[in-house]
Structure formats: structure tokens, C-alpha cells
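This report describes the fold of a single chain and then turns to one of its helices. The sequence and structure are shown first.

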Amino acid sequence: MSGLPGKLAIMLNGKLFPKIFYSLCLLVILCIPSFADDVDDQALSAALSFTATIDDGNFQAAYWMGSPLLQLMTSAEQWIDKADRTQRILGKVLEREVKKLRTATSPAHFPDDEYRMIYFESRAERKAKAAEVILLHRVDGLWRVCDYSIR
């Protein structure tokens, strides 16, 4: 046992300590998700839930899932009518892939605050290449859609 402190000192002062230290730092960095990633995951999850509701043709539910900002921008009747007409023209979305997710603080026609804008490259029944753009705003800690478009 008397030799242990000497060996321990060699391990800590020698080349082994930096390797252990850097390995532990790397492990911490890789294993603990960053706050930004978590926020973006929550926004993406809200956007996908919203689009799944639209894909199912439940436009009224999608409208009421949206942010109060969405509901202030347009009436339920207008929003539902536009979503329905768009889906009848383009068909249901069959595939979508996230192309970009970014933070916005001052989008046009909306008050300054923290938003997430998600761009999807999509394919619909009658549109081989479409773009869906979703703007989300946090309400009471939850991300909710305040603008949706498909082109």
C-alpha cells in the first residue's frame, strides 16, 4: 500500500491524466444534449404534429393547435378553406424532409420575439417538389405554429 500514492502521483503527473481528463470531457460533451438542440427538437416535433394533422385532412384541429398569433392573422373559416383548397389542388403530402431549421427574432408581420422557422422539402400527390415553410412561436413554454405555407 505504501507504493500506491507514488503510482497515483505518476498517473496524475504523467501522460495518463491528460488522456483521462480529455476523454471524460469528450464523454460529457457527447452525452449531454445541448439546450439549443432540445429547443429545436421540441419545435420540430410540434411542426411535425401540426403537419400530420393537416395530412389527415383535419384542418380545423390544425388551426386550433396553432398559436394565438395564427388565429389573430386569419379566421378559422378562411384558414380551413385555404388549407382545404391547397390540399385539393396539390394532393396530400407524401414525403417531407427537413432542409433548414433556423431561429428568427423579427419575421415579417409578427411581433419581435423568438421563433423557429422550419423549411421542408416535400412531395405531394400532384406536386413532385414542394416547399413547406412553418413558423413557430413559443406559447406558455410550448412551440405552436403561427404560420404555415406550402408552395
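## Overall architecture

Helices and strands are taken here as DSSP runs, a helix having at least four residues and a strand at least two, and both are numbered from the N terminus. In this predicted model, the chain contains six helices and four strands, and their order along the sequence is α-α-α-α-α-α-β-β-β-β.

## Burial, contacts and surface

Of the 151 residues in the chain, 32% are buried. When contacts between residues at least 6 apart in sequence are considered, 49% of them join residues at least 24 apart. The accessible surface of the chain amounts to about 10000 Å², and carbon and sulfur atoms account for 60% of that area.

## Helix α6

Helix α6 runs over residues 76-90, and its 15 residues span 21 Å from the first C-alpha to the last, which is close to the 21 Å expected at 1.5 Å a residue. Its buried residues are Ala76, Trp79, Ala83, Gln87 and Leu90. Because these residues cover an arc of only 95° around the axis, they lie on the same side of α6.

The other side of the helix carries Glu77, Gln78, Lys82, Arg88 and Ile89, which are exposed; exposed here refers to a relative accessible area over 50%, whereas buried refers to one under 20%.

## The end of the helix

Just after α6 comes Gly91, for which the model gives a positive phi of about 85°.

Technical notes. Residues numbered from 1 in each chain as written. Predicted model: local features only at pLDDT ≥ 70, side-chain atom pairs only at ≥ 80, totals over all residues. Heavy atoms only, no water. Expected span 1.5 Å × (residues − 1). Buried < 20%, exposed > 50% of the residue type's maximum accessible area, 1.4 Å probe, protein only. Arc of directions from axis to C-beta. Contact = heavy atoms within 4.5 Å. Areas by Shrake-Rupley, 256 points an atom, 1.4 Å probe, with all protein chains shown as cover.
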